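Let's explore a protein together, one question at a time. Keep the structure in view as you read.

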Amino acid sequence: MIRFEIIGTGGYVPKKILTNADLEKMVDTSDEWITTRTGIKERHIAREDEATSDMVIKAAEEAINEAKIDREEIDIVIVATVTPDTAFPSASCWVQKGLGIKNIPVFDISAACTGFLYGLIIGGSLIQAGTARTVLVAGSETLTKITDWKDRGTCVLFGDGAGAAILRKTERDAGLLGYTWHADGSLGHLLSLPAGGSRLPASETTVKEGLHFLKMQGNEVFKYAVRYMGESAVNAIKKAGITSEDIKLFIPHQANIRIIQSTCERAGIPMEKTYITIDRYGNMSAATIPVSFRDALREKLIKRDDIVLFSAFGAGFTWASLVLKY
Ligand code: UT7
């Protein structure tokens, strides 16, 4: 068990909403195709001048207020993102500046849609080890800034947002009862951002060829997501020493409603116990789980001591499932 308590959560999505009807005017698609193939109805889009860290700061401020702590009490900031404001400084450095907290270590995690779950494991472990008492873990993405708006296979899927949680040392019987986390870099080519790094630095050619946009072989990714989210959810439940009946709420990563349904079937969790946000947010990568968690808490679907299951799969590939006693 990794013992810690979540004392505050926050979430933020940009104001601008892009509906399926809007997308019908942009590419050869339909509300019917997007709804039946993915479950998405609309998504939020960051402003041109809005970056990943701006959204984290808003989510973090909500979490700090809820936790009723002074921001100076935060010992470490961890931001999970694959769309940082700049390659460097890290998004977490921009967040630290925005929050006005000095003299603490901060760092980013690059684990795509699984990033927030990696962050909970790492943040919780740092508390357990005595390295920190209070850790801010956030997941934030502006995937619409690396979206090819001419590619109907990807542009209908993503939305922007940020979520945050404040983890604190506790004597309560709370934290991660069990978890599994994984990666398989040999499959990375199936979902990637080809240009802009040291392999293929940005040039006139990369821009002309659209290699600065996210590329995905959707149906291949789909097969692995279904298999690995299901498998890891089952293993995390086993490691936690509970059964699926003990789970109050399942909050999965939301890339496709069909992936979620299949994960539920494999893990023996009814859809009625599964929290769905894909219709209103689309796939927000690392932000999906923390924003959904915040929303579920605001709807009072989870109370202290309830058991929550999280499961995610994303680029890398990376995947993880966590059983949290809230
Ligand atoms: O965030 C974590 C990682 N990401 C994921 O987990 C995403 C996993 N993948 C998926 O969710 C699905 O594969 C997609 C939603 C991306 C695509 O659904 P699919 O059922 O796998 O469709 P497909 O790519 O096999 O395409 C089926 C058909 C094709 O037409 P033909 O060749 O059968 O005539 C596509 O061209 O659907 C067509 N299509 C579309 N049609 C209307 C693809 N995108 C669209 C679209 N509107 N937006």
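Domain bounds here come from an automatic or database domain assignment. Please remember that this is a predicted model.

Q: Between which two parts of the protein does the ligand lie?
A: Start with the domain assignment, which gives two stretches, 2-174 and 176-325. Both of them give residues to the shell around the ligand, so it lies between domain 1 (2-174) and domain 2 (176-325).

Q: How many residues does the contact between the domains take from domain 2?
A: The C-alpha centres of domain 1 and domain 2 lie 14 Å apart. The contact takes 50 residues from domain 1. From domain 2, the number is 45.

Q: Which helix gives the most to the shell around the ligand?
A: Four helices each supply at least two residues of this shell: helix 2 (31-38), helix 6 (152-155), helix 8 (218-240) and helix 9 (257-267). One of them contributes four residues, the most of any helix, and that is helix 8.

Q: How many residues of the shell around the ligand are nonpolar?
A: In total, 23 residues surround the ligand, and among the closest are Thr-29 and Arg-37. Sorted by type, the shell has four charged residues, eight polar ones and, for the nonpolar group, eleven.

Q: How much of the ligand's accessible area does the protein cover?
A: Let's look at some atom pairs on the way. An oxygen atom of the ligand is 2.7 Å from an N or O atom in the side chain of Asn-283, and for Arg-258 the corresponding distance is 3.1 Å. A polar side-chain atom of His-253 lies 3.3 Å from a ligand oxygen atom. Of the 950 Å² of accessible area that the ligand has on its own, the protein covers 72%.

Q: Is Thr-147 buried or exposed?
A: Thr-147 sits in the loop between strand 7 (134-141) and helix 6. A residue counts as buried when its relative accessible area is under 20%. Thr-147 has 4% relative accessibility, so it counts as buried.

Q: Which backbone oxygen does the side chain of Thr-147 reach?
A: Leaving aside neighbours within four places in sequence, Thr-147 is in contact with Cys-155, Phe-158 and Phe-213. Its side chain also reaches a backbone oxygen at 2.8 Å, that of Leu-143.

Q: How many residues of helix 11 are buried?
A: Helix 11 covers residues 288-298 and has eleven residues. Its buried residues include Phe-293, Arg-294 and Asp-295.

Technical notes
Residues are numbered from 1 along each chain as its sequence is written. This is a predicted model: local features need pLDDT of at least 70, side-chain atom pairs count only at pLDDT 80 or more; totals for chains, interfaces and linings use all residues. Side-chain values use heavy atoms; hydrogens and water are left out. A residue is near a molecule or strand if one of its heavy atoms lies within 4 Å of it. A polar contact is a pair of N or O atoms within 3.5 Å; within protein, one must be able to donate a hydrogen and the other to accept it, and residues adjacent in sequence count only if both atoms are side-chain atoms. Accessible areas come from the Shrake-Rupley method with a 1.4 Å probe; for residues, only the protein chains shown count as cover. Ala, Val, Leu, Ile, Met, Phe, Trp, Tyr, Cys and Pro count as nonpolar, Asp, Glu, Lys and Arg as charged, and the others, Gly among them, as polar. Buried means under 20% relative accessible area, exposed over 50%, partly exposed in between (1.4 Å probe, protein chains only). Contact means heavy atoms within 4.5 Å.
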